[in-house]
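Please look through this structure with its aromatic side chains in mind, and then turn to its surface.

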Amino acid sequence: MNIRVRRGDSFWFYSQLFSVPLSLITASNPNTNPERLQIGQIVRIPGFYVSIYTIQPGDSFWTIGQRIGASTDMIQLLNPSLNPLQLQIGQEVLIPVRVRSTIVQGGREYNSAAMANDIAMLKEIYPFMAVRTIGNSVMGKDIYELSVGTGDKRVHLNGSFHAHEWITTPVLMQTLNTYLLGLVNSEPVRGLALLPFFSSVTLSIVPNVNPDGVDLLINGLPDEEPYRSEVLAINNNSTDFSGWKANIRGVDLNNQYPAQWEEEAETKPQSPSPRDFPGYAPLTEPEAIAMADLVSESDFDRVLAYHTQGKVIFWGYQGLEPEESETIVNEFARVSGFEPIQYVESYAGFKDWFIQEFRRPGFTVELGLGENPLPIEQFDEMYEDSLGIFLASLYM
Ligand SMILES: [Zn+2]
């Protein structure tokens, strides 16, 4: 929510008044110098929204505050022109409301529009989260990166490289929401205080690498040509897209990386296909390129790519993974019960390329169990597994 600075106010004062960590207020106002607050200037307070209360007989700022769990000074701050001694029945007063639960409700069909909606709401309530577009899909949809924290340790997670694994997107979004909520309210998650991570970790999440593919699964055939005709042709004129892994052009984005791409291409489809076609060359697809560019410029210390299914975590590539990969994956396994798998006969994946290029820990996390696309009934369990792995990716 927005408030206006009064004489004598400071970020530290707001931190005390609203019980919000100072570092989060500072990060929510990146263009404001806290040493030079101007009277009347707008400051953003994370973790709250503004609601309207209508004065009832007998009300004072104090009784209203008692009712909504706010101090009189909070109410005064939001209503600077109101005289608390002359409240009129029926008069409207702005009141601050602390957000106490997650906004993201992930256990539902979650297309790119639903995600964009949630991103906008999260950004509104948690302005210390940075949102940017790292590229566009074939159909021009934004590929978002959400970042939180100011630390030296750079942790990256992504979801929905594969269209029919779209459930990884709401899992990541709800996991992120839990983190934001816990940060602002200073509420531990699984016994872990989160605020130290804000200053020790820079978290990067790309919740949906393949928005065109995800929307194909959830919304069905697009109206827009030439995609409509092309997708139908690739899918043998079937409108059942439940087996669709690829992007909208029939390229498997997780087979697009220059890490023994030729070996992968030899054994895979030679033309656009609902699944597994690695493209006619590495990094031809805008979604794969956007992710490669992001990684190249971001200096990530570790990356986790969320997929479904199997409750396993792949963590090696050609012996190029560093020793700490094993330590980290063992902790992921401990908190989730997933099985670590070092090597598998598969190449050209995002994590393969990351390990090969940077010799840093890269993981493919396979959430859930069953046949893709996994039923939405598995969402809660997947979210719980994700949360443990997510927290471990911060503290390990
Ligand atoms: Zn996958």
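Here a residue is called buried if its relative accessible area is under 20%, exposed if over 50% and partly exposed in between, with a 1.4 Å probe and protein chains only as cover. The model is a predicted one, in which local features need pLDDT of at least 70 and side-chain atom pairs count only at pLDDT 80 or more, while totals for chains, interfaces and linings use all residues. Residues are numbered from 1 along each chain as its sequence is written, and side-chain values use heavy atoms, with hydrogens and water left out.

Across the whole structure, a search finds 15 aromatic pairs, where rings of Phe, Tyr and Trp (its six-membered ring) pair if their centres lie within 6.5 Å, and planes under 30 degrees apart count as stacked, over 60 as edge-to-face and the rest as tilted. One of these pairs joins phenylalanine 161 and phenylalanine 350, which is tilted because the ring planes stand at 40°, with the centres 5.3 Å apart. Phenylalanine 161 lies in the loop between strand S7 (153–159) and helix H6 (168–185), and phenylalanine 350 in helix H13 (residues 350–358), so the pair ties together parts 189 residues apart in sequence; helices (H or I, at least four residues) and strands (E, at least two) are DSSP runs, numbered from the N terminus. Phenylalanine 350 has 0% relative accessibility and therefore counts as buried, and phenylalanine 161, at 0%, counts as buried. Ring pairs also link Phe161 and Phe350 into a cluster with Tyr257, Trp353, Phe354 and Phe358.
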